[in-house]
Amino acid sequence: MDRHDVIVVGAGLAGLRAALRLALAGLDVVVLEASDGVGGRQRTDAVDGFLLDRGFQVLNPAYPAVQRWVDVDALEMRSFPVGVRVRREHGLAELAHPLRHPSRLPATLASGLLDPRELVALARWAVPGIVRPRAVVGGTDATLAEAWRRIGVDGRLTREVLEPFLAGVVADDAGATSDAFVRLLVRMFALGRPGLPARGIQALPEQLAARIADQDGRVVLDRRVERIAQEGAGVRVDVAGGAPALADAVVVAVGPESAGALVEVATPVTRGLQTWWFDAPSSPTRSRMLHLDGTRSGPILHTSVVSGTAPAYAPRGRHLVEATCLLGDATEAVVRAQLAHVWGTSVDAWRLLRRDDVRHALPAQEPPLRTRATARVGERTYVAGDHRDTASIQGALVSGDRVAGAVIADLGA
């Protein structure tokens, strides 16, 4: 029976960051991953010459954990403009970050979406999270809907822009998400410029896996862990169709929906998203901005020409368009009708490449916000993941690192 210092179950971002820190500490580490690739929710597939991430997702280089532990330059990031275009009743309006895109300020001012009273209220809400994030985390919390109601935020900018945009980020259109969590996200959008690795979101976990190998750690794919149990002074890990293994410690870093099957932790509520990927023979726009439907004419929260920002996502002469909704029962006909409305052009020639139903896109972040959970949940057994921290790439990386630190301390490494 193989024996290791630490076995990490799951090769998502939390598991990979934990394994890398453990390997850097000189421990014998192996990562067991049930699927055929690393990344967990951060996976990319090649489909008919296109690169399709499993659900539309972006990487924000402003995340402190990304700045600290990721070689962002090696990912060859392709950044989206910091702004959106909004389909309104009487045309298309544009809002752009005035400092990042000063040349677009006239279009922003002419959008018809800016009301001085609403801007003042939103600034009063957002600025504390930007300048004093620790105070927001440590303060009182409520749902986003309650917080906005309290300060009187209910204008065109909120209804037509912020609500659909944030619903696509937190997978919640009811305002039930923690106000503190949303303000932390707004801070990251204000400070960073989200984008995509040139070759797909999976390039991020693949970078971490390569660094684990450089430290003599191992990532083994197609190894589904069925059971974890105490055995003597260690932990026994039973693998489907294979020999069991022993370790001095085990880190469970599987998805929030699966962790409870291996260790005694509560299964958190998760929220889902649905992304439709289309092959367009011609681009409906020259803009690289995310497009929102301010008229709320259908289930789509946002749509964009992904290949306009990251050209490698589509073959030469073709264009990759995403349309993201909350997980539900939207039909292709309904999605196409709304796409035609948002883009202001026929989409009949667009070919559907794939629909991604991401049922557990992220853990629900309900108030009060808790930014960390206990690392050790049993004798020599630990749990990592964004459901143990905050629902984000930042949260996954921080959780993996924090749990690895606890393991190192407990093993005296």
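**Entry 1, ground rules.** I number residues from 1 along each chain as its sequence is written, and side-chain values use heavy atoms, with hydrogens and water left out. As the model is predicted, I take local features only at pLDDT of at least 70 and side-chain atom pairs only at pLDDT 80 or more, while totals for chains, interfaces and linings use all residues.

I looked up the UniProt annotation and found "domain: Amine oxidase" at residues 13–408, from an unreviewed entry. UniProt positions are given in the numbering used here, feature names are shortened, and annotations may be inferred rather than shown by experiment. I computed 32% helix and 26% strand for the span, with its end C-alpha atoms 19 Å apart. Helices (H or I, at least four residues) and strands (E, at least two) are DSSP runs, numbered from the N terminus.

I searched the whole structure for salt bridges (a side-chain nitrogen of Lys or Arg within 4 Å of a carboxyl oxygen of Asp or Glu). The search returned 26.

I then checked burial, where buried means under 20% relative accessible area, exposed over 50%, and partly exposed in between (1.4 Å probe, protein chains only). Asp 45 is buried at 18%, and Arg 354 is buried at 19%.

I noted a salt bridge between the side chains of Asp 48 and Arg 351, 3.0 Å from N to O. Asp 48 sits in the loop between β3 and β4 (50–53), Arg 351 in strand β17, and 303 residues separate the two. Asp 48 is exposed at 55% relative accessibility, whereas Arg 351 is partly exposed at 37%.

Arg 318 lies in the loop between α10 (306–309) and β16 (319–326), and Asp 279 lies in strand β13 (residues 270–280), 39 residues away. I have Arg 318 as partly exposed at 32% relative accessibility and Asp 279 as buried at 3%.

I traced salt bridges that share partners and found Asp 45, Arg 54, Arg 354 and Asp 356 joined into one network.
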